[in-house]
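Hi,

Here is the structure I promised to pass on, with my notes below it. Have a look at it first, then read on.

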Amino acid sequence: MSAPKNDNSNRNAAISIWTKTVQTQEHFNEIGMKVRTMYATVLAGIISLYGIFVENASDIRISKITIDAIVPICIAVIVASTLLYFVDRYWYHRLLMGAVKQGSFIEERWKDYLPEMGMGSQISSESPVDLSDKKFIKAVAKLVVKDKKFHETDKLHSDGKIEIFYKPIRLIAIVLLALSCVFGGLRYEQRSAASYVYEILPAPLQIFGPPAALPHSDANPPGPASPPAP
């Protein structure tokens, strides 16, 4: 990297360009925060919708198939988490990182003449979170964080932090969806997938008895029992 020509004109130009670069960083960082706020709002809306389903004891029925409310709710959480994670990390965060790298380039080039112009470098150095001595948190993070920097250094950088924000919720929704579909959230002729699997198991493996039927709503609940005949 060649040294800049240190005169008033070049210094003023460098300061102006650096200021604009910082403003660009602030712009994309603000967009990222708005995306995460939107994600929290969407999750709150989905959970509220599930509460309405539960309050009204509503299932979705298509011919002989009955779908518990938890199934579409989990699917909605998975879809929302995936889409907003993509927009956040692979769309606006990439633009933010481009602005950060440009700011670091300007700061590195002018550090001997304008040492005050070092905010971006200081933020970048303070941003990573060291999890090497936090065994439990590190173990949980390794389940969802795929960022190479984290696995190499045990330090959580911005990409890893974004993964931590979205992926645990999506993972919980995937597990709940799978369990629900197997154990009664998705039923055919009011029988869960687990009950069908139980039937085809060899007799020695049928040691715990058939899966219990899960309670479900009925669009036409039975009326009161008839009094016994005199």
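**What I found**

R36 is found in helix α1, which covers residues 8–55. Please keep in mind that this is a predicted model. The relative accessibility of R36 is 19%, so it counts as buried. Leaving aside residues up to four places away in sequence, R36 touches D88, I162, F165 and Y166.

Next, helix α2. This helix runs over residues 70–110, 41 residues in total, and spans 57 Å from its first C-alpha to its last, close to the 60 Å expected. There is also a kink of about 40° in α2, centred on H93.

On to the charged pairs: the structure holds 10 salt bridges. One of them joins D159 and R89, with the closest N and O atoms 3.9 Å apart. Because D159 sits in helix α6 (residues 158–182) and R89 in helix α2, this pair ties together parts that are 70 residues apart in sequence. Both partners, D159 and R89, are buried, and they belong to a network of salt bridges that links R89, R94, D159, E163 and K167.

D154 and K138 form another salt bridge, at 3.5 Å between the closest N and O atoms. D154 is in the loop between α5 and β4 while K138 is in helix α4, so the pair connects parts 16 residues apart in sequence. D154 counts as buried at 18% relative accessibility, and K138 is buried at 15%.

Finally, there is an open sheet of 4 strands in the order β1-β2-β5-β6, with antiparallel pairing. Its edge strands are β1 (60–62) and β6 (191–192).

Best wishes

Key: Residues numbered from 1 in each chain as written. Predicted model: local features only at pLDDT ≥ 70, side-chain atom pairs only at ≥ 80, totals over all residues. Heavy atoms only, no water. Helix = DSSP H or I, 4+ residues; strand = E, 2+ residues; numbered from the N terminus. Expected span 1.5 Å × (residues − 1). Bend = angle between axes of the 7 residues up to and from the residue. Buried < 20%, exposed > 50% of the residue type's maximum accessible area, 1.4 Å probe, protein only. Contact = heavy atoms within 4.5 Å. Pairing = 2+ DSSP bridges. Salt bridge = Lys/Arg side-chain N within 4 Å of Asp/Glu carboxyl O.
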